[in-house]
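Please keep the sequence and the three-dimensional view at hand while reading.

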Amino acid sequence: MKSVLACVLFVMCGFAAADVSAKGGRLKSHKHDLKLIEAYSQKTVPGRRESPAEISINFIMEWRAKTYPETMFWRGEGGWQTCRMLKAHKMELGAGSKPIVGSGYRVEMADGNNIKKGDTMMVTPMVGGKFPIPKEIPNEARNTLFYKTGGSEWRPFVIDTIIKKRDILAP
């Protein structure tokens, strides 16, 4: 029983200390830079059987920092992935209507310096990037967005829950 309790405490402390740097210190948590609105995964099923289904993860966030987001990476179960950052705008729907598929947001291309404090953005990890993991990122970090603002160090933002939305069936 004591070993189970010790394991639970170890795991809980691991989540609290997931921001450990390579120097043995702690990365400063910057929860105030981002506000998570929604985190979801969604599978797109193609109309042709021979085509593989694609699962995407998306984060809808409000950018709250004074400086722009320079770059973002996702450290999830699938490894280290570069992220695409898009400006997102909530779609206004008529009374009683819902979006048929997707997030309910309209997105537009943006690079980091076009995103200002108060903007809503959609952050999507991209498959197939060849970017090495910086030495400052702890190996045990999982389900964490790492980002830099103009000239800053790596900053972590842990995503606790990712909901699964219904599949999109392509024609």
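## The chain as a whole

The model is predicted. The chain has 171 residues, of which 35% count as buried. It exposes about 11000 Å², and carbon and sulfur atoms supply 58% of that area.

Contacts can also be sorted by how far apart the partners lie in sequence. Among the contacts with a separation of 6 or more, 67% are between residues 24 or more positions apart.

Strand β7 covers residues 144–149, and five of its six residues are buried, so the strand is largely enclosed by the rest of the structure.

Which sense of pairing do β3 and β7 show? Strand β3, residues 69–76, pairs with β7 in the antiparallel sense, over six bridges. In this pairing, Pro69 stands opposite Thr149 of β7.

Strand β7 also pairs with β8, residues 155–158, again in the antiparallel sense but over four bridges. Two pairs of residues illustrate the arrangement: Thr144 stands opposite Val158 in β8, and Leu145 stands opposite Phe157 in β8. The hairpin of β7 and β8 has five residues between the strands, and Gly151 in this hairpin takes a positive phi near 80 degrees.

In soluble globular proteins, nonpolar side chains tend to be buried together. The largest nonpolar core of this model has 18 residues, and Met72, Val123 and Leu145 are those with the most contacts inside it. Strands β1, β2, β3, β4, β6 and β7 each supply at least two residues of this core. The largest share comes from β2, with three residues.

Leaving aside residues up to four places away in sequence, Leu145 touches Phe59, Met61, Phe73, Trp74, Cys83, Val123, Arg155, Pro156, Phe157 and Ile159.

## Salt bridges

Side chains of opposite charge can pair when their charged atoms come close. How many salt bridges does the structure hold? There are seven salt bridges in the structure, and the table gives some of them.

| Asp33 | Arg155 | 2.8 Å |

Asp33 forms its salt bridge with Arg155. This pair links distant parts of the chain, 122 residues apart: Asp33 lies in the loop between α1 (2–16) and β1, whereas Arg155 lies in strand β8. Both Asp33 and Arg155 are buried.

Is Lys87 buried or exposed? The relative accessibility of Lys87 is 19%, so Lys87 counts as buried, the limit being under 20%.

Glu153 counts as partly exposed because its relative accessibility is 40%, which lies between the limits of 20% and 50%. Arg155, by contrast, has a relative accessible area of 14% and is therefore buried. Salt bridges that share partners join Asp33, Glu153 and Arg155 into one network.

## A loop residue, Pro46

Pro46 is placed in the loop between β1 (34–45) and β2 (54–63). With a relative accessible area of 23%, Pro46 is partly exposed. Where sequence and space are compared, Pro46 and Leu169 are 123 residues apart in sequence and 6.3 Å apart in space, C-alpha to C-alpha. Not counting residues up to four places away in sequence, Pro46 touches Ser51, Pro52, Ala53 and Ala170.

Note on methods
Residues are numbered from 1 along each chain as its sequence is written. This is a predicted model: local features need pLDDT of at least 70, side-chain atom pairs count only at pLDDT 80 or more; totals for chains, interfaces and linings use all residues. Side-chain values use heavy atoms; hydrogens and water are left out. Buried means under 20% relative accessible area, exposed over 50%, partly exposed in between (1.4 Å probe, protein chains only). Two strands pair if DSSP finds at least two bridges between them. Contact means heavy atoms within 4.5 Å. Accessible areas come from the Shrake-Rupley method with a 1.4 Å probe; for residues, only the protein chains shown count as cover. A nonpolar core is a set of buried Ala, Val, Leu, Ile, Met, Phe, Trp, Tyr and Cys residues joined through side-chain atoms within 4.5 Å. A salt bridge is a side-chain nitrogen of Lys or Arg within 4 Å of a carboxyl oxygen of Asp or Glu.
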